[in-house]
Amino acid sequence: MSMPQSATMTQFRHSATIAIADIHLQGALEGATNKFVGGRLAALAELPDADALRDHFKAIRSATLANLAHYLTLFETKATLAGAQVHWARTGQEAVGIVLAIARQQGAKLVTKSKSMVTEEIRLNTALEANGIEPVETDLGEWIIQLAQEPPSHIIGPAIHKTRQQVAALFSEQVGRELSPDDIDQLTAEARRMLRTKFLQADIGISGGNLGVAETGSLVLVTNEGNGRLVTSAPPVHIAIMGIEKICPDWDAAAVWLSLLARSATGQPMSIYTTVITGPRRQTDPDGPEEVHIILLDNGRSQQVGTEYEEILQCIRCGACLNVCPVYKKAGGHAYGSPYSGPVGAVVTPLFFGLEAYAALPQASTLCGACKDACPARIDIPRLLLALRRDEVAHHLLPWREEKAEALAAYVLGSAARMNFVTRLGRWGQRPFLQDGSLNLPFNLGDGRELPALAPKPFRQLWQDGDLTSDQ
Ligand code: SF4
């Protein structure tokens, strides 16, 4: 299944409706997101003052973005001094072009990859395959969805929508014999065996970058499976692709970043492997790549700097906002039609790939604010969603019925007199459908939903008349 390159209102509703009817998916989403939420809360509770640390982190991220060009230039200088080759890509296409040029130079036929949302963003695998190069995902979740030919459904758990039965079926097909879904150890052992040969044969290893430390020109990778280290050290060439916003001024700031990233993502104090790469292998090193290329990707990010949307660049892709979002938890990641799903996806996807193509996403939120509460950088996602909704209205991107309905609602709600008139009209109009105080409408609102009847007396009237009792 290839990723649709849009999420119109119709597409999102259609995909979400299918997802809601899928009981396996609902069970998988509920189980995984609840586990992540519980882990995050417990891990943050272990810190002496998690709230103060989050405030401090937000200040670091804001100050870094305010001096983004300076820190990026410093990073380039230091990374180059350490022997890495730094490339700049304005677009995803340019980044893909740089990777293909390096691959051609190496005569590469096989690349291993560690999990990277940025490579999903630029559709790198499709481009590699089209050029005769086999990309092999080595993060277990990413490999599962690569075998299933599906896009990721969660920023940190790309295969959380898959049941173990589905995974066992995929692996059985690969090994050519039946594997039991109940023997998780056997499944992971088979995955390890199949991937190990790829690590050894790969011409190039490709990774993302969780953060880049400007002070030393170092790239930091955070993984839990050890595959990141094999990808970045076994092949002779390592290419890292990192969004320009992932820059961090120094190691003090990196320590704050890392202490919040794993806690917010998986509920761990630190991920199992935190890998720091500063240039290629030195003469005295026993192993490591001979070449390290770092591609700094813009792809719409710099356009947000200095705008009301700049705050979203503080995101560190921890996925915490997805796990608490009532819309994501029901619709799942694929409904978003983008590698970035959930609340953060509803903001970055239209900003990076176009509001018109992804008009449904800013609407895919209850604006309950749970995402802002969960975010380690305290990004005000509801504010950003409202701003995008305002842009949609300004550019007439909503379906005409919704646009008219919202314009009418704004007109009515804009005046107490109009509101009173309409509610009086509604009370009069509902009389034929009233049955024991409830509305019995001649059409179906779907799935046992009921529209409550308008109260005989509105709240304002009760207040004025002094009729309020404790049960009203
Ligand atoms: S918006 Fe915040 S909570 Fe969501 S992925 Fe980014 S950093 Fe994590």
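**Close-up 1. The shell around the ligand is made of twelve nonpolar, two polar and one charged residues.** In this predicted model, 15 residues surround the ligand.

**Close-up 2. Six strands line up in an open sheet with parallel pairing.** Reading across the sheet, the order is β1-β10-β7-β4-β2-β3. The edge strands are β1 (85-89) and β3 (134-137), and each of them pairs on one side only. Neighbouring strands of this sheet are turned by 20° against each other on average, ignoring direction. As a reminder, strands of a sheet pair through backbone hydrogen bonds, either parallel or antiparallel.

**Close-up 3. Strands β7 and β10 pair in the parallel sense.** Here you can follow β7 (residues 237-243) alongside β10 (residues 291-297), joined over seven bridges. A handy pair to pick out is Met242, which stands opposite Leu296 in β10. Helix α5 (residues 92-106) lies across both of these strands, and also across β1 and β4 (204-207). Against β7, helix α5 runs at about 175°.

**Close-up 4. An open sheet of four strands shows mixed pairing.** The strand order is β8-β5-β6-β9. At the edges sit β8 (247-248) and β9 (273-277), each pairing on one side only. Strand β5 (residues 211-213) pairs with β8 in the parallel sense over two bridges, and Gly212 stands opposite Ile247 in β8. Helix α12 (residues 251-265) lies across β5, β6 (218-223), β8 and β9. The angle of helix α12 to β5 is about 160°.

**Close-up 5. Helices α18 and α19 cross at roughly 110°.** The axes of α18 (residues 400-413) and α19 (residues 416-429) come within 6 Å. Which residues meet here? From α18 come Tyr411, Val412 and Leu413, and from α19 come Arg418, Met419 and Val422. By class, this contact has five nonpolar, no polar and one charged residues.

**Close-up 6. The domain assignment gives two stretches of the protein, domain 1 (48-302) and domain 2 (415-465).** How far apart are the C-alpha centres of domain 1 and domain 2? The C-alpha centres of these domains lie 55 Å apart.

Conventions. Residues numbered from 1 in each chain as written. Predicted model: local features only at pLDDT ≥ 70, side-chain atom pairs only at ≥ 80, totals over all residues. Near = placed C-beta within 6 Å. Nonpolar A, V, L, I, M, F, W, Y, C, P; charged D, E, K, R; others polar. Domains from an automatic or database assignment. Pairing = 2+ DSSP bridges. Axes fitted to C-alpha atoms, helices over the stretch in contact; angles between N-to-C directions. Contact = placed C-beta atoms within 7 Å.
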